[in-house]
Amino acid sequence: MQTDVRFAVRRVLAMFCLLPLGLILAREFPLVPEKPLVIGYGITVLVGTIAMLQIAYSRYDDPAERTLRKRPKNLADFPSLPAVPKVTFLLAVKDEAEYIERCVRSMAASDYPNLEIIVIDDLSEDGTREILDDLAEELDITLLKLEKNLGKKHALVRGASIATGDVLAFTDSDCILAPDALRRCVQALVDHPELGAVSGHCRALNVDETFFTRAQDVWYEGQFRVAKAAESTFGSVTCVSGPLAVFRRDAVYNYFPAWAGDRFLGAPFRFATDRQLTGYVLGQLWVGKKLKKQYADSPFVTAQDYPERKWRIGYVRSAKVWTNVPEHFRPFMKQQIRWKKSFIRNTCFTGTFMWRRGVGPSCLYYGHVLWVLAAPFMAVRHMVWAPMQGGIFVSVLYLSGVVLKGSIWGLAFKIENPGDARWRYRPLMSLLSALLLSWLLPYSLATIRRGVWSRTR
């Protein structure tokens, strides 16, 4: 009863806060027949933004802190984990001498009691291996030193092959974790057997360095607190992000060879995409048998063939992790191109079955896909074609809509982080996304076969 009241209050408060946006929609909707493309596109984006915020703020609950309200009817079909399951924490690294010690020490400082740490060095050449040698002598970690550069996916799969945990956790080599972050994610899995994986909450570690780091920090907050929270209410988070990704062994183990051997457009897909690995958990009920049959001789399949289940995937807001983000324009653009390539590849995989997971997850997923695909065309339409035809007002209207959307996300950041003035970077990030980043999609598709594992700053 108390929980129902709490959710009802949250729902009313969210609706009240979003009421001004509803009034804008009511005022602009009658204008759609006059300018269906311009006004219609803006209204669609605004409706999607309102819906996501409403869901995230009125329905999301942290699965590490309380039992979720929405749970599957066939809960008995999901095997329970031990009260304190063994966790294997995996990290693959290449040429990260500047950050690796802080990362490994934060892993070892986790307050989770039953922990195995495996670090895989993918033939580093900048002194990283020597740092790891010293850490391996001091800390209780297992160090695998590869004699051939395999790439991040293959390096992680090599580590997973010797992992003994009931839960497999991953982080990135330039991250720092809160001591309780891993414990909170594992608690969510223990308390909710239907969860096959959970994502932590990530912010920028080097937030005060440049405009790009401050803007990305605000953007990260929104992507996790709003986007992942909204997906989590349906148990369908589509990307268990690399800074802290925690999986049940039985939900992901059989699909490591498919991840390592992933091919796209006739060539190996080299990026270690978090989205793709998440997709194997989300879609295994429909694609799992086929993938396991394709790699039937792999030890990951022959050792134990886990049943395919309709796992749910959640987001643990209280599990904090910080990552170094690109500080300057060029590495920022390279990162965005990598992410666009991963988006394209994952859309062609997860998009084939996401509609099976229900109306809510489908609307969130396919709505986002359509928005990303339409963004470069709408940018050209409003910022190139319209001015050439003398339609400067159309460009101004388009930019006003972009700023409005960014301001909405910025306000959400300000509510979550009172007193933090960085909310104003969110409208600027929206402008950057609309005017520049959206145009990277065609380029990313054209160069999708290119790609190596590197973190250029």
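Predicted model: local features only at pLDDT ≥ 70, side-chain atom pairs only at ≥ 80, totals over all residues.
Start where helix 12 meets helix 13: F343, N346, T347 and T350 of helix 12 touch Y365, Y366, H368, V369, V372 and L373 of helix 13, where contact means heavy atoms within 4.5 Å. The residues of this contact divide into six nonpolar, four polar and no charged. Residues are numbered from 1 along each chain as its sequence is written, and side-chain values use heavy atoms, with hydrogens and water left out.

Two packed helices are described by the angle between their axes and the distance between the axes. The axes of helix 12 and helix 13 (residues 359-388) come within 12 Å and cross at roughly 140°. Axes here are lines fitted to C-alpha atoms, for helices over the stretch in contact, and angles run from 0 to 180 degrees between N-to-C directions. Helix 12 and helix 13 are therefore oblique to each other; angles under 35 degrees count as roughly parallel, over 145 as roughly antiparallel, 65 to 115 as roughly perpendicular and the rest as oblique. The crossing is left-handed, a word used if the near helix is turned anticlockwise from the far one by less than a right angle, with right-handed used if clockwise. As for the numbering, helices (H or I, at least four residues) and strands (E, at least two) are DSSP runs, counted from the N terminus.

Stay with helix 12 (residues 329-350) for a moment and find Q335 there. Q335 is buried, with a relative accessible area of 6%; buried means under 20%, exposed over 50%, and partly exposed in between (1.4 Å probe, protein chains only). Leaving aside neighbours within four places in sequence, Q335 is in contact with Q216, Y220 and P326.

Y220 also turns up beside C202, whose contacts beyond four places in sequence are Y220, F224, P243, V321 and T323. C202 sits in strand 6 (residues 195-204) and counts as buried at 1% relative accessibility.

Now hop over to helix 3 (residues 100-108) and helix 4 (residues 128-138), which pack at an angle of about 25° with their axes 10 Å apart. That makes helix 3 roughly parallel to helix 4. Their crossing is right-handed. On the helix 3 side you'll find I100, E101, V104 and R105, meeting T128, I131, L132, L135 and E138 of helix 4. These contact residues divide into five nonpolar, one polar and three charged.

Helix 5 (residues 152-160) is mostly covered, with seven of its nine residues buried. They are K152, K153, A155, L156, V157, G159 and A160. Among the elements they pack against are strand 1 (87-93), strand 2 (115-121) and helix 9 (256-260).

Two loop residues are worth a look. D95, in the loop between strand 1 and helix 3, has a phi near 55°, a positive value in a residue other than glycine. L265, in the loop between strand 8 (263-264) and strand 9 (267-268), also has a phi near 55°. D95 counts as partly exposed at 31% relative accessibility, and L265 counts as partly exposed at 47%.

Conventions
Nonpolar A, V, L, I, M, F, W, Y, C, P; charged D, E, K, R; others polar.
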